Amino acid sequence: MTAASLALPAQNRSRGPVNGKSPAAGDHARRAATRRVLPGFGLSMGLTILYLSLIVLIPLSALFIKTFTLTWPEFWSAVTSPRVMASYRLTFGASFLAATFNLFTGVLLAWVLVRYEFPGKKFVDALVDLPFALPTAVAGISLTALWAGNGWVGQFVESNWGIQVAFTPAGVVVALIFISLPFVVRTVQPVLEEAEKELEEAATCLGATPLQTFVKVILPTITPALLTGFAMAFARAIGEYGSVIFIAGNMPMVSEITSLIIIGKLEQYDFAGATAVATVMLVSSFILLMIINLLQAWQRRRSGLKA
């Protein structure tokens, strides 16, 4: 008997079934495991790209194309006129103030909803999402009726402290606070729910005060979520229109937001000027979107390190 004939059975044995399964069955199982749950990837991807093109890419491309009909001096003059610059200051300044205010009140509200049990908790939790569901025009009318000089709150504020809220830049800030609050709460709330209370208890046992525990233990945990919520609230406030126009007063150079400037140019058939100002706001939104994505990626990395 030759060596080749002796080696043949061993070779066949090495290709035999392993744990009762043949190699062909193992290959079939691996192919089944890697098979996508939802078939038709090419068709679904094509429909997705078509939908995004029709809804997002083509309209935005048209915005840039219309803007490119202007020369650089015309574009610069359209986006830096005194009235437009005043609207930038109000829009970005009021959005920053509203997001900063919600940064603190949102954390407080999320903390109460996560750490305490009280009657009506689910109702309060549902109220946080009210700005998402409420039409912005309804919100604007409600806030105007509340803060106007003869409103329930506005009459006492004006008579006692001499502060006029409605039809001033302060009214813009109030409206933006209302519509951007849920972004901070809903971003911080899940992080607080997943936070390890054992670390807080350990810090207390080691003699840390409540303030030290919050600053040294809790705050580093929720910082990425705080920054993400702030950026989302800021981005949402920049693009707000419906709730602001009713309470702002819309006085040029005083309480006129950039969105209203764009509407005004469209009504005057200044389409190129409207698209120029809209392009500035669009670029600002893209920058904020990139910052939000970076902050969310940072938050995921921190969560992964903890896990």
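Author: Arg186 is partly exposed, with a relative accessible area of 25%. Partly exposed is the middle class: buried means under 20% relative accessible area, exposed means over 50%, and a 1.4 Å probe is used on protein chains only. This is a predicted model, in which local features need pLDDT of at least 70, side-chain atom pairs count only at pLDDT 80 or more, and totals for chains, interfaces and linings use all residues. Residues are numbered from 1 along each chain as its sequence is written, and side-chain values use heavy atoms, with hydrogens and water left out.

Now the partner. Arg186 forms a salt bridge with Asp129, and their closest N and O atoms are 2.9 Å apart. Asp129 sits in the loop between α6 (121-128) and α7 (130-133), while Arg186 sits in helix α10, so the pair ties together parts that are 57 residues apart in sequence. Helices here are DSSP runs (H or I, at least four residues), strands are runs of E (at least two), and both are numbered from the N terminus. Asp129 is partly exposed too, at 29% relative accessibility.

A salt bridge needs a side-chain nitrogen of Lys or Arg within 4 Å of a carboxyl oxygen of Asp or Glu. Why can such pairs form? Side chains of opposite charge can pair when their charged atoms come close.

The structure holds 6 salt bridges. One of them joins Glu117 and Lys121, at 3.1 Å from N to O. Glu117 is exposed, at 69% relative accessibility. Lys121 is buried, with a relative accessible area of 17%. Another pairs Lys265 with Asp270, where the closest N and O atoms are 3.7 Å apart. Lys265 is buried, at 15% relative accessible area. Asp270 counts as partly exposed, at 31%. Arg186 also belongs to a network: salt bridges with shared partners join Asp125, Asp129 and Arg186.

Next, a buried arginine. Arg115 lies in helix α5. Its relative accessible area is 18%, so Arg115 is buried. Set aside neighbours within four places in sequence, and Arg115 is in contact with Leu192, Ala195, Lys197 and Glu200. Contact means heavy atoms within 4.5 Å.

Leu192 leads on to the nonpolar core. Such a core is a set of buried Ala, Val, Leu, Ile, Met, Phe, Trp, Tyr and Cys residues joined through side-chain atoms within 4.5 Å. The largest one has 35 residues, of which Tyr88, Val188, Leu192 and Ile222 touch the most other members. α4 (72-79), α5, α10, α12, α14 (258-267) and α15 (271-306) each give two or more residues to this core. Its largest share, 8 residues, comes from α12. Beyond neighbours within four places in sequence, Val188 is in contact with Ala110, Ala225 and Leu226. There is also a second, separate core of 18 residues, which includes Ala98, Leu143, Ala175 and Ile177.

Stay with α12 for a moment. Phe234 has its place in this helix. Phe234 is buried, at 13% relative accessibility. Leaving aside neighbours within four places in sequence, Phe234 is in contact with Phe92, Ser95, Phe96, Ala99 and Leu288. The C-alpha atoms of Phe234 and Ser180 are separated by 7.5 Å, though these residues are 54 apart along the chain.

A cavity is a set of points on a 1 Å grid over the protein atoms alone where a 1.4 Å probe fits but cannot get out, and lining residues have an atom within 4 Å of a point. The structure holds 1 cavity of 30 Å³ or more. α5 (82-115), α10 (169-194) and α12 (210-238) each supply at least two lining residues. The largest share, 4 residues, comes from α5.

Last, the whole chain. The secondary structure comes to 15 helices and 0 strands. Buried residues make up 34% of the 307 residues. Among contacts with a separation of 6 or more, 75% are between residues 24 or more positions apart.

Methods: On a 1 Å grid over the protein atoms alone, a cavity is a set of points where a 1.4 Å probe fits but cannot get out, and a pocket is an open set with protein on both sides within 12 Å along at least five of seven lines; lining residues have an atom within 4 Å of a point. Grid points are joined across faces, edges and corners, and a volume is the space filled by probe spheres set on the points.
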